[in-house]
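These are my notebook entries on a structure that I went through element by element. I wrote each entry as I looked the item up.

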Amino acid sequence: MSYLNGAPVDEKDFPTLLDIKAAFGFIPNFFRAQTLRPDLIDAEVGLIGTILLKEGALTRKQKEYIFLVCSADNLSTYCVTAHCEIVRMLGIEGPEPEQIALDHTVTNIPPAEKALLDFAVKLNNHPRDVRREDIVALRECSFGDEHILETVIMVGLTKFANFVSFGLGTVPDFDSSTISGQLGLDRVSDQPKKELNPSSGNSVLINESVVSRVLVIDEDADLVTRTQTGELDAFDELVHRHQQRIYRTLMAITRNPDEAEDGLQNVFLKAFQHIGGFQGASKFVTWLTRIAINEGAERLRVRTAVDSLGEEEGLEDEAPFRPRDVRAWGGNPEEMYSKAELKHKVEQELLKLPAKYRIAVMLRDLQQFTTEETAEILKIGVPALKSRLLRGRLMLREALASSLGRRAANV
Amino acid sequence: MFSCENVLAELSNYVDDELSQELRKQIEAHMRHCSTCRAIYDSTRKTLRIITESGSFELSPDVSSRVASSIRAKIRAKQTGPAGPSGS
């Protein structure tokens, strides 16, 4: 799939490759061609993360458009096809990405956006002709210096990607249907495919959080590295940051404050013991929460064998939950109940949910893990997690409707 | 045309904004004329907001600092012994 023979790699040995595969469902030829040097892939993924994916002055859409117009002018088929698909995967609204790549000047994007892309094209095609006036013109279109800086860097990143792709001879391999299929992302099956997947391709069910997993930006990375090199204070900070979250995870499983409190210390001691082997394939907090899940499960096994965590797959095909109380909640519960009342009610009802729904809802909605992170922590697929979430949320809504909803409905 | 069952099946994805534009539009078209689905959507959204903002199962500051001190002491005690953070 390229000029060079990549090394025969087992992705499991290379966390970054695993993340790339998790994000796209396959390892694109662009990265596959570089497997002789996984360290170079790491560095590139970091660069892409900071420049393209991380939020800055420019929107992701603007950055993708810059990537497209420059890649098209550089005649990089690989980069154009890959990023046309990525723009669709992200559900970015606007003209067809191919149209932007072909000739952005005839699309209906706003004049300021056109000016930005004109500048990017000029820098890409005639770098020595760029003058101070070009910058002034962009400022007149209300772009700040940060926008301009990011544009320049994006053009540089695009050239980099294009030239790497040329040099390695990477064959285009991005295809939206393949990607969503490999990720196991569902399209609604009882609808004709034609209606749900129009030629615009906007209905591919992949959102930014999936794609951005290519680049796990872990805010704990620095503290983890410092702990690994023996700085104990760094680990103290990790304890401080994540104690609350781990306590909640343990509560979700054990439903017992004493067990959760006892387990808390064990989780961090185990994490410390094994942190040398943590390589960043997932975020540190995901890894830590997984330790907490095991700790909680172990405690449950000791205490009782009755409450199953329901972690096995294949138990998701119960009949759909049917809401019974469908009266409208007339107002906002926050305006009708004190914070303490709401907290008490939520805690009470969460603890009544069956384990597998309770744990899914507490990780996703109380602790705010993303859907993908929650699925990873529970070691289940995203569709299975979504089915648990739907049921758990509806059950909780029903339980709250009988008390919170009643007063709200009577307003 | 989307049915109430279709909307209910996608409700969680809709609340999480994890749907394609096409599906969103179909759900929104359905909800414009279905007050039941509208009520279920609205109360689900409020339920999730309450859960997120409830601060449920908060660790008390006392327990938090007690546990943190105990962990501190234990990992420092280990460091004086032969094993530190291992590569296992």
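**Entry 1: helix α9 of chain A**

I began with a check on helix α9(A), residues 145–168, in what is a predicted model. At 1.5 Å a residue, its 24 residues should span 34 Å, and I found the end C-alpha atoms 35 Å apart, which agrees. I then looked up which residues of α9(A) are buried, and the list consists of Glu150(A), Thr151(A), Met154(A), Val155(A), Leu157(A), Thr158(A), Ala161(A), Asn162(A) and Ser165(A). As a reminder to myself, an α-helix has 3.6 residues a turn, so residues three or four places apart point the same way. The buried residues of α9(A) pack against α2 (29–32), α3 (38–53), α4 (60–73), α5 (77–89) and α7 (111–125) of chain A. Just after this helix I noted Gly169(A), which takes a positive phi of about 65 degrees.

The largest core has 73 residues, and the members that touch the most others are Tyr247(A), Leu250(A), Leu288(A), Ala360(A) and Val361(A). Helix α21 of chain A, residues 382–409, gives the most to this core, with 11 residues. I followed up Leu288(A), which touches His242(A), Ile246(A) and Ala271(A) when residues up to four places away in sequence are not counted. A second, separate core has 40 residues, among them Phe67(A), Tyr78(A), Phe119(A) and Ala161(A); I had already met Ala161(A) as one of the buried residues of α9(A).

Arg255(A) has a phi of about 60 degrees and is found in the loop between α14 (232–254) and α15 (257–274) of chain A. Lys379(A) has a phi of about 55 degrees and lies in the loop between α20 (371–378) and α21 of chain A. Lys379(A) has 10 other C-beta atoms within 10 Å, so it is exposed, the limit for that class being 12 or fewer.

**Entry 4**

How many helices and strands does chain B have? I found four helices and zero strands, with the elements running α-α-α-α from the N terminus on. Of the 88 residues of chain B, 39% count as buried. The contact between the chains takes 44 residues from chain B and 59 residues from chain A. On the side of chain B that touches chain A, the elements that give two or more residues are α1 (4–15), α2 (21–33), α3 (35–54) and α4 (61–80) of chain B. Of these, α3(B) gives the most, with 13 residues. By class, I recorded 17 nonpolar, 19 polar and eight charged residues on that side of chain B.

**Entry 2: confidence**

Methods
Residues numbered from 1 in each chain as written. Chains lettered and ligands numbered in written order. Predicted model: local features only at pLDDT ≥ 70, side-chain atom pairs only at ≥ 80, totals over all residues. Contact = placed C-beta atoms within 7 Å. Nonpolar A, V, L, I, M, F, W, Y, C, P; charged D, E, K, R; others polar. Buried ≥ 20, exposed ≤ 12 C-beta atoms within 10 Å, placed from the backbone. Expected span 1.5 Å × (residues − 1). Core = buried A, V, L, I, M, F, W, Y, C linked by C-beta atoms within 7 Å.
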